[in-house]
Amino acid sequence: MDENRKLGFLSVAFMYVGTIMGAGFASGREIWQFFCVFGEKGYIGILVIGVMFMMIGMMTSKIARTLATNDMGKIIVPGDHPKMVDAVGYFMAVMLFTVLITMSAAGGALFYQQFGQSRILGGAVIIFLVILTVIGGFERVSRVFRFIMPVLVVVVVSVCLMVIFMDLPEAPQQAEITVSPLTPNWFVSAMQYISYNVLALVPIVATASVNAKNDRHAFAGTALGAIFLGLLAFVLGTAMFTDMGFSQAMDMPMLGYSAKVSKGVNLVYTCVLLFAIYASATSNYYGFTTKMKSQKHRTLKIILIAWAGFFCGLIGFTNVVSFMFPIEGFMGFAIIAMVIINFFDVIKKEKNRSTVESDEQEKMEREG
C-alpha cells in the first residue's frame, strides 16, 4: 500500500468495529441474548468483552506488526510449524467464509421482514456489494469502512439514546425472558461471545495493523476499536433494558424499538442494519480471500466463491446461526489460547533478538 494511503488510528478502529458489528450486534439480538437476559449482571459481561476485545486485539496487532504479516496461520500458531500454520490458516478461511453465508442469509431475512421482498433478493444485494468491494483489494475495503462506519456508529448511538430518554410506552408484544442452557450465566456467555467473534477479529485486525502508518497508529486504533465496541454494547443494552419483555419477543430488538420511535427512524435503522451486514460480510470475506495464494483468475474466483456462499445462505438465517455459531464458539477458545501463547513467544524472540543485536553493537564498539 502507498505510504500516503496507510491507515491512521481511526481507520484501524473503524475496521475493527465493522468486522464485529454485523446483523446480530447492530440489531441488538446478540447483546440481548448474551448479556441483557442476565439483568444488571449483563453490564459486567459487557465490560469483560470490552477488555477482552482490547486484549486479544492488541496481541494480534503486536504479532502482526512484529512479524510483518497478516497470514492467519502465522498470527495464530506459535513457533515454527509450517504444516500447522497452513492447516490453521485454511481452517480460519473456512470459518470466515461461513460468516459470508450467515450475512447473506441475514440480508435475505431483513429484506423479507422489513420490505416483504424475496429473501433471494436481499442475499443477492449483499453478495453483489461484497464482490464489488473485495475485488478492489484492501484499499477499497478500507475506504468503504472509513466512510461508512462513523455514520453507522453515530446512528446506532443516536437511536439508542432516543429509546433511553423518550419514555416510550410499553409495547404489546411481550415474552418471558429466557436464558440459553448453553450460556447459563453472564461469565460463560461473555466467554462464548468473545470465542466466536475472535474468528473474525484476528484476520482483520492483523490486516489493518500491517497496513497502519506505524506501530502507534496500529495499537491505538485497535484499542480505540475495542472501546467503541464496548460502548456500543453498553448503549444497546441500556436501550433494550427499557422494555425487557419486548426485547425478548423481538428477533431484531433495535429494529422494533426504532419503529416505536417513528417510521422515519425505523427506515434509517433498517439501512444501518443492511450496511452493518454488508460491512461484516465484506471484512470477513476479504479475510478469506487473503488465503488465495495464486493470482491467476483471482477476480473470477472471488466472484464464483461469493455466489457459492449466497446459495449456501438460502437455507435460511436461523438454520445457519443454529448450526454454525456453536461450532465457531468452541473452536474460538483454541484460537484464543494459541494467539496468547504466540504473543508471548513473539515478545520473547523480539527481546532475545534485541539483546543479541545490542551485544554485537557493543562488541563492534570495543573492537573499533
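Let's start at Lys349, which is partly exposed, with a relative accessible area of 43%. Before going further, keep in mind that this is a predicted model.

What does the side chain of Lys349 meet? It forms a salt bridge with the side chain of Asp345, at 3.3 Å from N to O. Both residues belong to helix α15, and they sit four residues apart, or about one turn of the helix. Asp345 is partly exposed as well, because its relative accessible area is 22%, and the buried class ends under 20%.

Now look at the space beside this helix. Lys349 is one of the residues nearest the centre of the second largest pocket, together with Leu67, Lys74, Gly79 and Asn342. In total, 16 residues line that pocket, and the space inside comes to about 210 Å³. Which helix gives the most to the lining? That is α15, with six residues. Three helices each bring at least two lining residues: α4 (41-67), α6 (82-115) and α15 (317-367).

Ala68 counts as exposed, because its relative accessibility is 61%.

Asp167 has a positive phi too, about 55°, although it is not a glycine. You can find Asp167 in the loop between α8 (137-165) and α9 (186-210). With a relative accessible area of 71%, Asp167 is exposed.

Back to charged pairs for a moment. How many salt bridges does a search of the whole structure find? Five. The general idea is that side chains of opposite charge can pair when their charged atoms come close.

One joins Glu139 and Arg143, at 3.5 Å from N to O. These two are separated by about one helical turn, because they lie four residues apart in helix α8. Both are partly exposed: Glu139 has a relative accessibility of 28%, and Arg143 has 35%.

The other links Lys260 with Asp243, at 3.3 Å from N to O. Here Lys260 lies in helix α12 (residues 253-261), while Asp243 is in the loop between α10 (215-240) and α11 (244-249), so the pair ties together parts that are 17 residues apart in sequence. Is Asp243 buried or exposed? Asp243 counts as buried, at 4% relative accessibility, whereas Lys260 is partly exposed at 24%.

Last stop: a nonpolar patch on the surface. It is formed by Leu121, Val125, Phe128, Leu129, Leu132 and Ile135, and together they have about 470 Å² of accessible area. To find it, go to helix α7 (residues 119-134), where Leu121 has its place. Leu121 is partly exposed, with a relative accessible area of 40%.

Definitions and conventions. Residues are numbered from 1 along each chain as its sequence is written. This is a predicted model: local features need pLDDT of at least 70, side-chain atom pairs count only at pLDDT 80 or more; totals for chains, interfaces and linings use all residues. Side-chain values use heavy atoms; hydrogens and water are left out. Patches are made of residues with over 30% relative accessible area and no salt bridge: like charges are joined within 9 Å, nonpolar side chains (Val, Leu, Ile, Met, Phe, Trp, Tyr) within 5 Å. Accessible areas come from the Shrake-Rupley method with a 1.4 Å probe; for residues, only the protein chains shown count as cover. A salt bridge is a side-chain nitrogen of Lys or Arg within 4 Å of a carboxyl oxygen of Asp or Glu. Buried means under 20% relative accessible area, exposed over 50%, partly exposed in between (1.4 Å probe, protein chains only). On a 1 Å grid over the protein atoms alone, a cavity is a set of points where a 1.4 Å probe fits but cannot get out, and a pocket is an open set with protein on both sides within 12 Å along at least five of seven lines; lining residues have an atom within 4 Å of a point. Grid points are joined across faces, edges and corners, and a volume is the space filled by probe spheres set on the points.
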